[in-house]
Amino acid sequence: MERFQYVRATNVAEALTLLNQPGYKNRPLAGSTDLLLLMRKKPDVCDRVIDISLIPELHRIEQQGNHVIIGAAATFSEVLSNSLVNQTAPILAEACKTVGAVQIRNMGTVGGNVANAAACADSLPALVCLNATARVLTPAEEFNWTVSELVLSPNKTRIPSGGLLVSLQYPIPPLETRGIFLKLGRRNAMAISRLTVAALGRVDISGRIVEARFVTGSAAPQICHFKDVEASLIGQIPTPELMLAAGKLATEEMTELSGTRWSSEFKVPALSAMTARALARVFQISLEKVEAV
Amino acid sequence: MKFTLLVNGIKMNTEAPADTSLLYLLRDYLHLTGTKEGCNIGECGACSVLLDGKLVNSCLILAAQANGREVKTIEGVHALENDGPNDLQQAFIDYGAVQCGFCIPGMVLAGESLLNSNPNPNRTEIRAAIAGNLCRCTGYQQIVDAIQATAVKRQEKNSRG
């Protein structure tokens, strides 16, 4: 017996109509890599899937003014190979490269990664670091939330029932901004993130830090900017000691958000080192002398 | 639900439940059993096929998503002149890249997918390209050797015209 029905939407308006058609428990289907597994475990998730993966406008990646807009059904492969993304947000391309393996990247979508909102979702820290916003449509309304507002807690978002995440957009960072995305997993491919960090920053002519953005994934229930880390860097001259101190601050902020957990014994030293290394690479300084442990 | 797919260049029609995965449609309805079921959760790559030219896990995709589209399975990979192995498959044999053989259909398609997009890959790129395909026999070295040797041979052949 069929556990669910399948309908393919050809455009966004049709997808919204189908998603809100009464008499069905509908769910949008994009890459299918998460939803198919979920439906095998929980057959009552929906009784009809609306396939949005072949809607051309949801694959578009384009610049509008100072923003880059990424269609929600753009696959990880499409995003990581896109020249506009590579020029304006290499950390997002890097994050997409770390997802699964070729097969998963060819199917899985950035929109799906956000809407599914796993605590370990690789694109989320990069998107939050880029101050990305998400555009969500319902038949009557339009919402524009920052990605960190959209994701409430693991696997929980603000997307209303019958709503559809249609695109993600980020303001293009100033030209001199440097970014780093690091992922810690058991192996290079097909690994669930143990920790990820995304960092962006730039210095002014005098060499002082004028912008510092720092976000971690898999460290806290919510993906957000680590404000103490960011504040500790602004106005400072980058030094190895400053980076190490930021690493320590990051672990304190993580503990504040998540409490002490079974994994803390591992995550605290790991996050401390990853933070210092990521920031050192953003601000182009060497940690070699101070890091000799 | 009615299905029409272009599988290995042949238009195939069948009827199956809407919740059938592409893997089960290929194996149970179209009787193309070259595509293997390993983990059925997208971890092992044994079920890899090309959908509109892109490598995907057929266990993680609905047959309905592939409806009206082009699928290439291992049955569609063979020498042009006969049904024997093509150059990549022959290299797998020559380099001892096949032991139990269960992962090989997926490995060959991952290799073909890589060589289609990158005709001259280095070993790191080959390893990244087959990172989603698990092999519990060979330790991968021979598989990487076979793909690399095929890349070199194809390039030589192309440069000779």
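Predicted model: local features only at pLDDT ≥ 70, side-chain atom pairs only at ≥ 80, totals over all residues.
Local features are given only at pLDDT of at least 70 and side-chain atom pairs count only at pLDDT 80 or more, whereas totals for chains, interfaces and linings use all residues. Residues are numbered from 1 along each chain as its sequence is written, and chains are lettered from A, with ligands numbered from 1, in the order in which they are written.

Chain B contains 6 helices and 5 strands; helices (H or I, at least four residues) and strands (E, at least two) are DSSP runs, numbered from the N terminus. Their order along the sequence is β-β-α-β-β-α-β-α-α-α-α. The radius of gyration of chain B, 16 Å, is close to the 15 Å that the globule rule gives for 161 residues, so chain B is as compact as a globular protein of that length. Here the radius is taken over C-alpha atoms, and the rule is 2.2 Å times the number of residues to the power 0.38. The C-alpha atoms of chain B occupy a box of roughly 45 × 35 × 25 Å along the principal axes. Of the 161 residues, 45% count as buried. A residue is buried if 20 or more other C-beta atoms lie within 10 Å of its own, exposed if 12 or fewer, and partly exposed in between, with C-beta atoms placed from the backbone. Among contacts in chain B between residues at least 6 apart in sequence, 57% join residues at least 24 apart; two residues are in contact if their C-beta atoms, placed from the backbone, lie within 7 Å.

Helix α1 of chain B (residues 22-29) has B:L22, B:L23, B:Y24, B:L25 and B:L26 as its buried residues. The cover over them includes β1 (2-7) and α2 (63-66) of chain B. After α1(B) comes B:H31, which has a positive phi near 60 degrees.

Chain B is assigned domain 1 (2-76) and domain 2 (87-160), with bounds from an automatic or database domain assignment. The domain centres, taken over C-alpha atoms, are separated by 22 Å. In the contact between them, 12 residues of domain 1 meet 11 residues of domain 2. Strand β3 of chain B (residues 48-51) gives the most to the domain 1 side, with 3 residues. That side divides into 7 nonpolar, 4 polar and 1 charged. In this classification Ala, Val, Leu, Ile, Met, Phe, Trp, Tyr, Cys and Pro are nonpolar, Asp, Glu, Lys and Arg are charged, and the others, Gly among them, are polar.

The contact between the chains takes 21 residues from chain A and 22 residues from chain B. On the chain A side, the elements giving two or more residues are β1 (5-8), α2 (35-41) and α6 (102-107). Of these, α6(A) gives the most, with 5 residues. The chain A side comprises 10 nonpolar, 8 polar and 3 charged residues.

Within chain A, strands β4 (residues 61-64) and β5 (residues 67-71) run antiparallel and are joined by 4 bridges; pairing requires at least two bridges found by DSSP. The two strands form a hairpin with 2 residues between them, and A:G65 in the turn has a positive phi of about 60 degrees. A:Q64 stands opposite A:H67 of β5(A). Strand β5(A) also pairs in the antiparallel sense with β10(A) (residues 164-171) over 5 bridges, where A:I70 has A:L168 as its bridge partner. Among the residues that A:V147 touches are A:V114, A:L127 and A:L168.

Conventions
Lists of a residue's contacts leave out its neighbours within four places in sequence.
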